[in-house]
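Here is a briefing for someone meeting this structure for the first time. Please look over the sequence and the model before reading on.

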Amino acid sequence: MSASLLTEDSAGLDGLSVWPGSTTRLPHGHLSVGGFSLAEVADRFDTPAYVLDEDEIRARCRMYRAAFPQADVVYAAKAFLSRAMVRWIHEEGLGLDVCSAGELELAVTAGFPPERVVLHGNAKTPRDIELGLRLGVGRIVVDSPSEVARIAALTGLPGRQKVMVRVVPGVAAGGHEKIRTGTDGQKFGLSLTDGSAQHAIARVLGQPQLELTGLHCHIGSQITEVKPYLVAVRRMVGLMARVRESHGVTFPELDLGGGHGVAYRPGEPALDVAALARRLNAELATSCAAAGLPVPRLAVEPGRAIVAPAGVALYRVLAVKHTGGKVFVAVDGGMSDNPRPALYGARYALRLIGRATGAEPVTATVVGRHCEAGDVLADDVPLPGDVRPGDLIAVPVAGAYQVSMASAYNLVGRPPVVAVQGGAARLLVRRETQEDFRRRDVGV
């Protein structure tokens, strides 16, 4: 197992603890990932570019399967999805959580078994539901009362679609208020406290076209403590017990979502997946015993925790500016390929690579090339005092919610995605080009 799976302590690793486990120092300030020089990736594929360590992703999939041997581990496609990623997830035995017809179609056409797919979404379009039913997805997660009749009608008789109801358990957790989804007052799920969840469950049970296999909840993202998940388990089991009393139905499944936090900078906390599995199973067994319920089959939905630490973003410095008592280092990417700092205040431990330098560090703000004052990739980070145009900047923990959230702002094409493994590099997703923009613009 890679070093980054074992510890987030930077001691002895000189700040490389949050990098892929295969990261190796090379002479003259170079780094390699997956046995391939990052500077060579930049030369061969240009910048900005994203690098994914295939072995790191596979190791993290296996870590989850080992931690949850009796549960379903379902990869959250929204973190990052490509045909290669679909293949890796399939080969490592994970399920797949999708949120749109687009994600679903890509997965199935890439060979992923639809029966191992969970279809999510707080506002599913008719096409989302129709495609899910036509392809035969394993589960559809009901997120609002109106979906119950819609899914049932589209299923038709004598069809029988397996569904789950997404419950808001009233648990506040997550790294930022915009990614806390376990409490009332946000758009996801059905409230436990106001009875919406119970009402939706009753409606589903009244539809012969639907088979309610269990409950689902997702309490937030970038969660680094186990306790919120244990609270969620207790509340979900309590609801399951009330459903049995009211309807005589015992659910065989419980999906606790994902949100498993990772360290973005050395010394930051990360969720201990082994401890999570151990304590979840114990809490689930205890709560079910107290309620007189059989223990349901558990499911978890990691996304970020599998792909984020396997990714590195590469940028080329375009300009260095000393103004207002600050040092601004401008690179050839920005918020179009990584909106997380602007959206969530995300912070990264980036570094200069590709040349040796003995210059004393300065505190710099690394900014993007876009026409927004908020286009900041990293604020107040140490960089060598001789940083200059043409230098390479590498940003670790870049595998999740960057490519997948990228935009075409200022008509700057989205970066390519390059996989590295065994000393070789190959293109997974090509760079978006001006020709792509011209083909989409059909009006005159």
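The points below are grouped by topic.

This is a predicted model: local features need pLDDT of at least 70, side-chain atom pairs count only at pLDDT 80 or more, and totals for chains, interfaces and linings use all residues. Residues are numbered from 1 along each chain as its sequence is written, and side-chain values use heavy atoms, with hydrogens and water left out.

**The nonpolar core**

- The largest nonpolar core holds 132 residues. Such a core is a set of buried Ala, Val, Leu, Ile, Met, Phe, Trp, Tyr and Cys residues joined through side-chain atoms within 4.5 Å.
- Buried means under 20% relative accessible area, exposed over 50%, and partly exposed in between (1.4 Å probe, protein chains only).
- Leu38, Phe68, Tyr75, Val165 and Leu215 touch the most other members of this core. Helix H9 (residues 227-247) gives the most to the core, with 11 residues.
- Helices (H or I, at least four residues) and strands (E, at least two) are DSSP runs, numbered from the N terminus.
- Phe68 is in contact with Val73, Val273, Leu276, Ala277, Leu280, Leu298 and Val300, leaving aside neighbours within four places in sequence. Contact means heavy atoms within 4.5 Å.

**Helix H10**

- H10 covers residues 273-291, 19 residues in total. At 1.5 Å a residue it should span 27 Å, and its end C-alpha atoms are 26 Å apart, which agrees. The expected span is 1.5 Å times one less than the number of residues.
- Asp272 caps the N-terminal end of H10. A side-chain oxygen of Asp272 lies 3.2 Å from the backbone nitrogen of Ala274.
- Buried residues of H10 include Val273, Leu276, Leu280, Leu284 and Cys288. Glu283 and Ser287 are buried too.
- The buried residues of H10 pack against helix H3 (54-67), H9, strand S12 (253-255) and strand S13 (297-300).
- Just after H10, Gly292 takes a positive phi of about 70°.

**Strand S4**

- 5 of the 5 residues of strand S4 (residues 49-53) are buried, so S4 is largely enclosed by the rest of the structure.
- Ala49, Val51 and Asp53 lie on one side, and Tyr50 and Leu52 on the other. In a regular strand the side chains alternate between the two faces of the sheet.
- S4 pairs with strand S14 (residues 311-323) in the antiparallel sense over 4 bridges. Two strands pair if DSSP finds at least two bridges between them. Leu314 in S14 is the bridge partner of Ala49.
- S4 also runs parallel to strand S20 (residues 417-421), joined by 4 bridges. There, Val420 is the bridge partner of Asp53.

**Phe45**

- Phe45 sits in helix H2 (residues 38-45). Phe45 is buried, with a relative accessible area of 17%.
- Phe45 and Pro415 are 370 residues apart in sequence, and their C-alpha atoms are 9.5 Å apart in space.
- Phe45 touches Pro416, Val418, Ala425, Leu427 and Arg431, not counting residues up to four places away in sequence.

**Aromatic pairs**

- The whole structure has 2 aromatic pairs. Rings of Phe, Tyr and Trp (its six-membered ring) pair if their centres lie within 6.5 Å; planes under 30 degrees apart count as stacked, over 60 as edge-to-face and the rest as tilted.
- The rings of Tyr64 and Phe68 have centres 6.4 Å apart and planes at 10°, so this pair is stacked. Tyr64 is buried at 0% relative accessibility, and Phe68 is buried at 1%.
- Tyr264 and Tyr348 form an edge-to-face pair, 5.5 Å centre to centre, with 90° between the planes.
- Tyr264 lies in the loop between S12 and H10, and Tyr348 in the loop between helix H12 (340-344) and strand S16 (351-353), so the pair ties together parts that are 84 residues apart in sequence.

**His120**

- His120 lies in the loop between strand S7 (117-119) and helix H6 (126-135). His120 counts as buried, at 5% relative accessibility.
- The side chains of His120 and Glu301 make a polar contact at 3.0 Å. A polar contact is a pair of N or O atoms within 3.5 Å; within protein, one must be able to donate a hydrogen and the other to accept it, and residues adjacent in sequence count only if both atoms are side-chain atoms.
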